[in-house]
Amino acid sequence: MREHVAFNFLTNSIPSTMEQKKYELEMKVEKARRLASGMSHLVLRRADKETMPPMAPGQFVEVRVGKAKVLLNRPYSIYNRTENELELLVSPLGQASRILADYGTGDTLTVTGPLGHGFSLPLQGTVALMGGGVGIAPLYYQARALKEAGTPFITFYGSRTAPDAEIVERFAALAPVHVCTDDGSAGFHGLITAHPALNDNTIGHIQICGPKPMMVASARVARQKGIDAEVSLENMMACGLGACLCCVEQTVAGNKCVCTTGPVFNISELTWK
């Protein structure tokens with residue numbers, strides 16, 4: 001059974017995510033930077049200048065993109081959370097995300113969260129964090145939690161081509177990073193699941209987020225090695241409350257809404273082969 005941990009970096013307390021209050025926050029863009037990959041790194045602050053509420057690594061927020069004039073909010077992983085700031089990585093794929101990626105300093109938006117259940121905080125063995133593309137986002141906040149807890153970890157970052165140096169450097173400041181690229185332009189030339197560092201026999205837990213084929217393949221490797229693993233699913237989460245049923249995932253216990261029972265699942269809960 002997975003343990004959901006809401007790690008509070010300010011007080012070093014770990015309240016249950018099940019008891020966490022959801023907030024609707026008016027926020028302003030403090031900093032905005034378009035990265036070489038095309039993703040945008042947004043740093044947000046509360047408009048009322050209050051501190052950020054506790055948020056667990058692996059949880060997500062729903063963002064109302066006012067400029068997009070779309071009906072539904074958009075879900076984004078928590079890239080980082082500090083006392084006063086919330087950070088998001090935005091990949092400009094759809095209409096709303098393209099508009100959000102162009103937000104600049106001073107723009108305002110509404111954020112609802114924290115939502116869902118996050119990653120476990122393992123206390124034994126080395127943790128392998130495996131991120132693909134923008135799926136690297138929730139793993140940075142988890143990396144901070146692991147570092148704070150004294151849990152050893154390594155990061156594997158898979159990308160089609162050389163990833164953003166800024167992101168790699170943030171992870172590298174905490175622990176070793178292995179970059180894997182499809183085209184061989186940086187790091188290991190090959191799939192993230194083929195990296196030889198995954199043969200480290202001290203790895204006792206794997207935490208994964210990225211494109212579904214990459215997560216399924218990574219989960220398969222974990223099963224083959226007999227390593228406990230969690231995945232953060234990226235199903236379409238339109239409402240974030242379990243009402244619209246857009247994000248339903250088949251599990252061994254029946255269909256479940258990813259936004260409320262996830263987004264993080266232990267691979268033993270899923271029907272993946």
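I started at Val-127, which stands opposite His-205 in strand 12. Strands and helices here are DSSP runs numbered from the N terminus (strands E, at least two residues; helices H or I, at least four). A note on provenance before going on: this is a predicted model, in which local features need pLDDT of at least 70 and side-chain atom pairs count only at pLDDT 80 or more, while totals for chains, interfaces and linings use all residues. Residues are numbered from 1 along each chain as its sequence is written, and side-chain values use heavy atoms, with hydrogens and water left out.

**Strand 8 and its neighbours**

I checked which way strand 8 and strand 12 run: they are parallel and joined by 6 bridges. Two strands count as paired if DSSP finds at least two bridges between them. Strand 9 also pairs with strand 8 in the parallel sense, over 6 bridges, and there Leu-129 has Thr-155 as its bridge partner.

Is strand 8 buried or exposed? I found 7 of its 7 residues buried, so the strand is largely enclosed by the rest of the structure. Buried means under 20% relative accessible area, exposed over 50%, and partly exposed in between (1.4 Å probe, protein chains only). In a regular strand the side chains alternate between the two faces of the sheet. Here one side holds Thr-126, Ala-128, Met-130 and Gly-132, the other Val-127, Leu-129 and Gly-131, and both faces are covered.

**Cores**

Next I looked up the nonpolar cores, meaning sets of buried Ala, Val, Leu, Ile, Met, Phe, Trp, Tyr and Cys residues joined through side-chain atoms within 4.5 Å. The largest has 31 residues, and those with the most contacts inside it include Met-130, Phe-156 and Trp-272. Among the elements that each supply at least two residues to this core are strand 8 (126-132), strand 9 (153-159) and strand 12 (203-209). Which element gives the most to it? Helix 4 does, with 5 residues. Another core lies apart from this one; it has 24 residues, among them Met-39, Leu-139, Ala-143 and Leu-146.

I also listed what Phe-156 touches, with contact meaning heavy atoms within 4.5 Å. Leaving out residues up to four places away in sequence, its partners include Ala-128, Met-130, His-178, Ile-192 and Leu-198.

**Charged and polar pairs**

How many salt bridges does the structure hold? I have 8 in my notes, each a side-chain nitrogen of Lys or Arg within 4 Å of a carboxyl oxygen of Asp or Glu. Glu-24 and Arg-64 form one at 3.7 Å, N to O. This pair links distant parts of the chain, Glu-24 in strand 1 and Arg-64 in strand 3, 40 residues apart. Glu-24 is exposed at 54%, whereas Arg-64 is partly exposed at 39%.

Glu-249 and Lys-212 meet in another, at 3.8 Å. Glu-249 sits in strand 14 and Lys-212 in helix 4, 37 residues apart. Glu-249 is buried, with 7% relative accessible area, while Lys-212 is partly exposed at 44%. I also noted that Glu-30, Arg-45 and Glu-85 are joined into one network by salt bridges that share partners.

Ser-120 was my next stop, in the loop between strand 7 and strand 8. Ser-120 is buried at 8% relative accessibility, and its side chain makes a polar contact of 2.6 Å with that of Glu-230. Such a contact is a pair of N or O atoms within 3.5 Å; within protein, one must be able to donate a hydrogen and the other to accept it, and residues adjacent in sequence count only if both atoms are side-chain atoms.

I looked for cis peptide bonds and wrote down Gly-113 to Pro-114, with omega near 0 degrees; Pro-114 is in strand 7. Gly-262 and Pro-263 are joined by a cis bond too, with omega about 10 degrees. Last entry: Lys-49, a residue other than glycine, has a positive phi near 65 degrees. Lys-49 lies in the loop between strand 2 and strand 3 and is exposed at 75%.
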